[in-house]
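Open the model in your viewer and keep the selection tool at hand. This tour goes stop by stop: select, look, move on.

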Amino acid sequence: MKAFVVEKYGKDGVRAAEVPEPSVGDRDVLVRVSAASINPLDKMVRNGEFKQLLKYKPPFVLGHDVAGVVTRVGSAVRGLEVGDEVYARPRDLRIGGFAEYIAIDMDDVAPKPASLTLQEAAAVPLVALAAWQILVDQAHVKPGQKVLVHAGAGGLGSTVIQLAKHLGATVATTASTDSEKLVRSLGADVVVDYTKEDFSKVLSGYDLVLDAVGGANLEKSLTVLKPGGLAVSVVGPPDAGFARQLGAPSFLGLVMNVLSRKIRKQAKALGVRYQFFFMQANGSQLRELGALYDSGKLRPVIDSTFPFDQTLEAMAYVEQGRTKAGKVVVSMTPDSN
């Protein structure tokens, strides 16, 4: 089958290749891929940024989001059948959405939301799971709380705005002038145009900040939190909790704590908290999220769709910052549903 494979770590390490169709274990479903989508995590894994923790062995197929049709099921699989349309964010070390077929553990798979096309569904799993796990599992967002979402027009930000609003939060976001109409349509109550003003000068008293920018933006984010508030970053620096989540040796947890010592110290001085976030595959959560898409509470935001054979161009498009809003999808059948 055709796939896009990381042959070596680095920017030029991915190429199209013919690889064997994946084997199917007792708990696996084999999915014929209809569409996949591009995530910043693809670039990070390609570049080897997590290679001490996620021990991929090149060559391996890249791609963290997938939607398609089940073509085979393992002997222990229950609740999924050949012909089912599904979507998934396969677990770490078993990724591979940029391929014609992928074998996925049944616990990571959910039926595709009926209201979404396969191309739309491919844009959903990673960002929807991240939004759920940050807002529900990590921050326990309650009605009436205040949530600041940076980069609200992005794939993750656009999803977090919608879910936070559904959970009853007051939502602020940073966005460009061109994106204000979009983020307001998604539910943002307060929009700070980052091209014109500094969010840290106009916002205060927030319970949660989600940062997907990092650096000085993260440091300023600490100052808009109320006492005891939480800043969550998806771009780092990582902390010991990340190492524990991946089951890494304890010394790597110490290394992570060193990397995040500065921001954690700044947070402590302000009476607030900092945590790194790295999402986990979860098919049961995707089922719950699917119901929210089908009820209209959530909707995918898609910037553009590339044909599958232009996956490298799609990755470059995202990496060059050309995305205006939402996700970029790669599709086996770009002109169909």
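Is the crossing of helix 3 and helix 4 right-handed or left-handed? It is right-handed. Keep in mind that this model is predicted.

**Stop 1: helix 3 against helix 4**

Select residues 125-138 for helix 3 and residues 155-166 for helix 4. Their axes come within 9 Å and cross at roughly 50°. Angles from 65 to 115 degrees would count as roughly perpendicular and those under 35 as roughly parallel, so helix 3 is oblique to helix 4.

Now show the side chains. On the helix 3 side, pick Val127, Ala128, Ala130, Ala131, Trp132 and Leu135. In helix 4 they meet Gly155, Leu156, Thr159, Val160, Leu163 and Ala164. By class, this contact has 10 nonpolar residues, 2 polar and no charged.

**Stop 2: helix 3 against helix 11**

Select Pro125, Ala128, Leu129, Trp132, Gln133 and Asp137 in helix 3. Across from them are Gln285, Leu286, Glu288, Leu289, Leu292 and Tyr293 in helix 11. This contact divides into 8 nonpolar, 2 polar and 2 charged residues. Leave Ala128 and Trp132 highlighted: they are listed in the contact with helix 4 and also in the contact with helix 11.

**Stop 3**

Step to His140, in the loop between helix 3 and strand 9. What is the phi of His140 near? It is near 50°, a positive value in a residue other than glycine. Most residues other than glycine have a negative phi.

**Stop 3**

Follow the chain on to strand 9, residues 146-149.

Zoom in on one pair. Strand 9 and strand 12 (residues 206-211) pair in the parallel sense over 3 bridges. Select Leu148, then its bridge partner in strand 12, Val209.

**Stop 5**

Go to the start of the chain. Another open sheet has 3 strands in the order 2-1-4, and its pairing is antiparallel. Strand 2 (14-18) and strand 4 (60-61) are the edges, each with a single partner strand, so one side of each has no neighbour in the sheet. Strand 1, residues 2-6, is joined to strand 2 by 5 bridges. Click Val6: Val14 in strand 2 stands opposite.

**Stop 4: two cis bonds**

Select Pro58 and Pro59. The peptide bond between them is cis, with omega near 0°. Pro59 is in the loop between helix 1 (40-46) and strand 4.

Next, select Gly236 and Pro237. Their peptide bond is also cis, with omega near 10°. Pro237 lies in the loop between strand 13 (225-233) and helix 8 (240-245). Most peptide bonds are trans.

**Last stop: the annotated range**

Select residues 10-330. An unreviewed UniProt entry places the feature "domain: Enoyl reductase (ER)" there. Over this range the chain is 32% helix and 25% strand. The end C-alpha atoms of the range are 21 Å apart.

Methods
Residues are numbered from 1 along each chain as its sequence is written. This is a predicted model: local features need pLDDT of at least 70, side-chain atom pairs count only at pLDDT 80 or more; totals for chains, interfaces and linings use all residues. Side-chain values use heavy atoms; hydrogens and water are left out. Two strands pair if DSSP finds at least two bridges between them. Helices (H or I, at least four residues) and strands (E, at least two) are DSSP runs, numbered from the N terminus. Axes are lines fitted to C-alpha atoms, for helices over the stretch in contact, and angles run from 0 to 180 degrees between N-to-C directions. Angles under 35 degrees count as roughly parallel, over 145 as roughly antiparallel, 65 to 115 as roughly perpendicular and the rest as oblique. A crossing is left-handed if the near helix is turned anticlockwise from the far one by less than a right angle, and right-handed if clockwise. Contact means heavy atoms within 4.5 Å. Ala, Val, Leu, Ile, Met, Phe, Trp, Tyr, Cys and Pro count as nonpolar, Asp, Glu, Lys and Arg as charged, and the others, Gly among them, as polar. UniProt positions are given in the numbering used here, feature names are shortened, and annotations may be inferred rather than shown by experiment.
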